[in-house]
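Hi everyone, thanks for coming.

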Amino acid sequence: MLFNNILAKYYYFLSDISSPISEIKSSLGPNDLPYNIPIHPNLVHLTIGLFAIAIAFDFAGALYPFEKRILRFLAFPVTRVGFHDVGWYNILAASFITFFTVATGFFEMLLAVPIGGVKSIIGQGAISTMLWHGVGGVLILFILITMTIWRGYQRFVFRKNFGRQVSWAYLFSGTIILLIMGLHGSLGAWLASDFGVHITADQLLVKGNDLTSIL
Amino acid sequence: MYLQLGLVVMSLLPALNEKNLPWIDVIHPIIVHFVIAMTLIAVVFDVIGIITKRSNLFEVSFLNLIVATIAIFIAIIFGQIEAGLANPYGSSRDILNYHSTIGWSLAAILSIITGWRYVSRQNNPNNLSIGFLSVDIMLAFLVCIQVYLGDKLVWIYGLHTVPVVNAIRDGII
């Protein structure tokens, strides 16, 4: 009985809490953002693109002895150092830009209003998808910074005089991280495509608007 | 007879899911990671390379441009398939037309610029002309416009998102 009372009170409080978004509701558009196009998904292009290509070019540098003949056959003049330069500078740029990717991601997640009662393809609801994507994003930023520092030490200290500038362990880690990033990115994609977060048309449809007269 | 033939062909095609796609998620936005990131970073590295006189950054830009040039053709293939299944409505039809036109043009422009870069690199890999840099900056600007149009298709019109696909199937839009 007592327990039930506490439970009832608890639920009362939960349902009584108004979302902090409502304070600034008047300055937000139909996509729940103060601007038309979300920024985070655009910065994500840079994070993923730069990191993936950095790892790919380090693979190209590491496997250079095998490629040498093909490159000569194609008369394509490139050097091993050039491949590893891409591996280094691209991951450096990726970790710089990812701070902004995570920052804008958190800003836009605070303003997110996912469509209720929806489950993603792996059976997650909106809030668990958002929590995994948010916490995972910070973890990936941390991993990316660690990888960049590791990459820098290999380039300038550990493997300074080596032809192959990265260890196999680095390449293996990079591959695993790319797979995790793929899954992580899918969570983010579902927040848009399934939960309609920050998509004007989806948000208008859920509120029962007629799109043909608005868009 | 033609109807039956059509039905046979239809049955051979994969079924479309709740996003009106034959695969789980849109693939075009994933491939364009490599076009957007590589073209934009190429300009950044070129500018830094000129300012700090680090010519090895020019090589990094060049290799990034090669990746972008390969990726844009794959992006167009998936873009065309997914655009064909997008059922654009209202003014998103015009935006999709602009996006397609600029996309195909970008493939040509990017190929020419990468080819030009290859030739200038053959002449002198440690030097980058201001002429190339200005064209490079214009390319980056065009890529940004293209990204904005693609963004509008997703974030304003919600093409290939579940609610919009449902509304189209129900005949609401």
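Predicted model: local features only at pLDDT ≥ 70, side-chain atom pairs only at ≥ 80, totals over all residues.

Some background here: most residues other than glycine have a negative phi. B:Lys53 has its positive phi although it is not a glycine. You can find B:Lys53 in the loop between α2 and α3 of chain B. Is B:Lys53 buried or exposed? With 9 other C-beta atoms within 10 Å, and 12 or fewer counting as exposed, B:Lys53 is exposed.

Chain B has another residue of this kind for you to look at. B:His160 is not a glycine either, and its phi is positive, about 65°. B:His160 sits in the loop between α5 and α6 of chain B. For B:His160 the count is 24 other C-beta atoms within 10 Å, and 20 or more makes a residue buried, so B:His160 is buried.

Let's go on to the contact between the chains. How many residues does the contact take from chain B, and how many from chain A? The numbers are 34 residues from chain B and 36 residues from chain A. On the chain B side, the elements giving two or more residues are α2, α3 (56–84), α5 (130–156) and α6 (162–169). Of these, α2(B) provides the largest share, 8 residues. By class, the chain B side divides into 22 nonpolar, 8 polar and 4 charged residues.

Next, a pair of helices from the two chains. α2(A) packs against α2(B) at an angle of about 85°, and their axes are 8 Å apart. An angle of 65 to 115 degrees counts as roughly perpendicular, and that makes α2(A) roughly perpendicular to α2(B). From α2(A), the contact is made by A:His45, A:Leu46, A:Ile48, A:Gly49, A:Leu50 and A:Ile53, and from α2(B) by B:Val32, B:His33, B:Phe34, B:Ile36, B:Ala37, B:Met38 and B:Ile41. Sorted by class, this contact has 10 nonpolar and 3 polar residues, with no charged residues.

I'd like to stop at one residue here, A:Gly49, which lies in helix α2 of chain A. A:Gly49 is buried, because 30 other C-beta atoms lie within 10 Å. Which residues is A:Gly49 in contact with, leaving aside its neighbours within four places in sequence? They are B:His33, B:Phe34, B:Ile36, B:Ala37 and B:Met38. Within its own chain, A:Gly49 is 42 residues from A:Ile91 in sequence, while their C-alpha atoms are 9.8 Å apart in space.

Staying with chain A, let's see how α2 (residues 40–62) meets α4 (residues 80–110). These two helices pack at an angle of about 155°, with a distance of 7 Å between their axes. They are therefore roughly antiparallel to each other. The crossing of α2(A) past α4(A) is left-handed. By class, their contact has 16 nonpolar, 10 polar and 3 charged residues.

α4(A) also packs against α3(B), at an angle of about 85° and with the axes 9 Å apart. This pair is therefore roughly perpendicular. On the α4(A) side we have A:Gly82, A:Asp85, A:Val86 and A:Tyr89, and these meet B:Asn56, B:Leu57, B:Glu59, B:Val60, B:Leu63 and B:Asn64 in α3(B). The class count for this contact is 5 nonpolar, 3 polar and 2 charged.

To finish, two helices to set side by side. Helix α3 of chain A, residues 64–73, is hardly covered: among its 10 residues the count of buried ones is 0. In α6(B), by contrast, the buried residues are B:Val162, B:Pro163, B:Val164, B:Val165 and B:Ala167. Their cover includes α6 (168–193) and α7 (200–206) of chain A. After α6(B) comes B:Gly171, with a positive phi near 80°.

Notes. Residues numbered from 1 in each chain as written. Chains lettered and ligands numbered in written order. Axes fitted to C-alpha atoms, helices over the stretch in contact; angles between N-to-C directions. Helix = DSSP H or I, 4+ residues; strand = E, 2+ residues; numbered from the N terminus. Parallel < 35°, antiparallel > 145°, perpendicular 65-115°, else oblique. Left-handed = near helix turned anticlockwise from the far one by under 90°. Nonpolar A, V, L, I, M, F, W, Y, C, P; charged D, E, K, R; others polar. Contact = placed C-beta atoms within 7 Å.
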